[in-house]
Amino acid sequence: MARGQHHRIHAQDRLQRNRLRVAQEAARLMSEHGIRDFHHAKIKAAERLGILDAQALPRNNEIEDALREHQRIFHADSQPQLLLERREAAAEAMRFLDRFEPRLVGAVLDGTADAHSAVCLHLFSDTPESVVLFLQERGVPLTQQTRRLRTTRDEQREYPVLLFAADGLPFDLTVLPLDALKQPPLDRIDEKPMKRASLAAVEELLSSAENDDEFERMLSSVLR
């Protein structure tokens, strides 16, 4: 093997090892410190490890895989129960908010939710004020924010976000227009249409939770 080729192979191996190290450290930071932004987590992880090469920054899906592995190894005794509690709370909230066509999104749907995770729902109304009024009339104390979501690879839009807590769990509601039911925003992990689940799909997940094989099969079928 030529010396130049040997160096290239060695450099590529080192790059892959660094990508894995950054992904694992980012997953640890997300799990232990509640960081929810993938980009922030990997930048912070790279800084902590002293890895300055931008090519060593893992993709978001690599961090998500590392997060699942971290939870499996270090939190197998607690994370499944935390996830189940949030899915049950999601189903209850979706029944309460039925008139706004709620869809479950995020970590509670994809299975990576932990003690830091909010129950994230998409609600649909062409008049976001009607959602605010609905909750206020029922005595739900709200914090209102906005969030930018990517609608295409080149475009972003800003949407209202309603935050509150119920039974000790945080809820995060994004209000989108009715036409977004057919065209979801892009996922922050893979930039594909965001995975969402209706109440019926969440109830199916809950009913099959005792059978791991069936649970995984069902999860694959409803993430669409």
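Start by selecting Glu137 and Arg138, whose side chains meet in a salt bridge, with N and O 3.7 Å apart. You are looking at a predicted model, so treat each stop as part of a prediction. Colour the pair by exposure: Glu137 is exposed, at 56% relative accessible area, while Arg138 counts as partly exposed, at 40%.

**Next stop: helix α1**

Salt bridges that share partners can form a network, and here one joins Glu25, Arg28, Glu32 and Arg48. Select those four residues together, then zoom in on Glu32 and Arg28. Their side chains form a salt bridge with an N to O distance of 2.9 Å. Where do these two sit? Both belong to helix α1, which covers residues 3-33. They are four residues apart, about one turn of the helix. Glu32 itself is partly exposed, with a relative accessible area of 41%.

**Next stop: a link across the chain**

Now select Asp114 and Arg36. The closest N and O atoms of this salt bridge are 2.6 Å apart. The pair links distant parts of the chain, 78 residues apart. Asp114 is in the loop between α5 (107-110) and β2 (119-124), and Arg36 is in the loop between α1 and α2 (38-49). Is Asp114 buried or exposed? Asp114 counts as buried, at 7% relative accessibility, whereas Arg36 is partly exposed, at 25%.

**Next stop: an arginine without a salt bridge**

Move to helix α4, residues 79-96, and pick out Arg87. Arg87 is buried yet takes part in no salt bridge. How far away is the nearest side chain of opposite charge? That side chain is Asp110, at 6.5 Å, and a salt bridge needs the two atoms within 4 Å. Look instead at Val108: its backbone oxygen lies 2.7 Å from a polar atom of the Arg87 side chain.

**Next stop: the second largest pocket**

Colour the lining by residue type and you will find eleven nonpolar, five charged and no polar residues.

**Last stop: two positive phi angles**

Asp167 is in the loop between β4 and β5, and at 77% relative accessibility it counts as exposed. Check its backbone: phi is near 55 degrees, a positive value in a residue other than glycine.

Finish at Glu191, in the loop between β5 and α7 (199-207). Its phi is near 60 degrees, again a positive value in a residue other than glycine. Glu191 counts as partly exposed, with 33% relative accessibility.

Key:
Residues are numbered from 1 along each chain as its sequence is written. This is a predicted model: local features need pLDDT of at least 70, side-chain atom pairs count only at pLDDT 80 or more; totals for chains, interfaces and linings use all residues. Side-chain values use heavy atoms; hydrogens and water are left out. Buried means under 20% relative accessible area, exposed over 50%, partly exposed in between (1.4 Å probe, protein chains only). Lys and Arg count as positive and Asp and Glu as negative; His and the chain ends are not counted. A polar contact is a pair of N or O atoms within 3.5 Å; within protein, one must be able to donate a hydrogen and the other to accept it, and residues adjacent in sequence count only if both atoms are side-chain atoms. Ala, Val, Leu, Ile, Met, Phe, Trp, Tyr, Cys and Pro count as nonpolar, Asp, Glu, Lys and Arg as charged, and the others, Gly among them, as polar.
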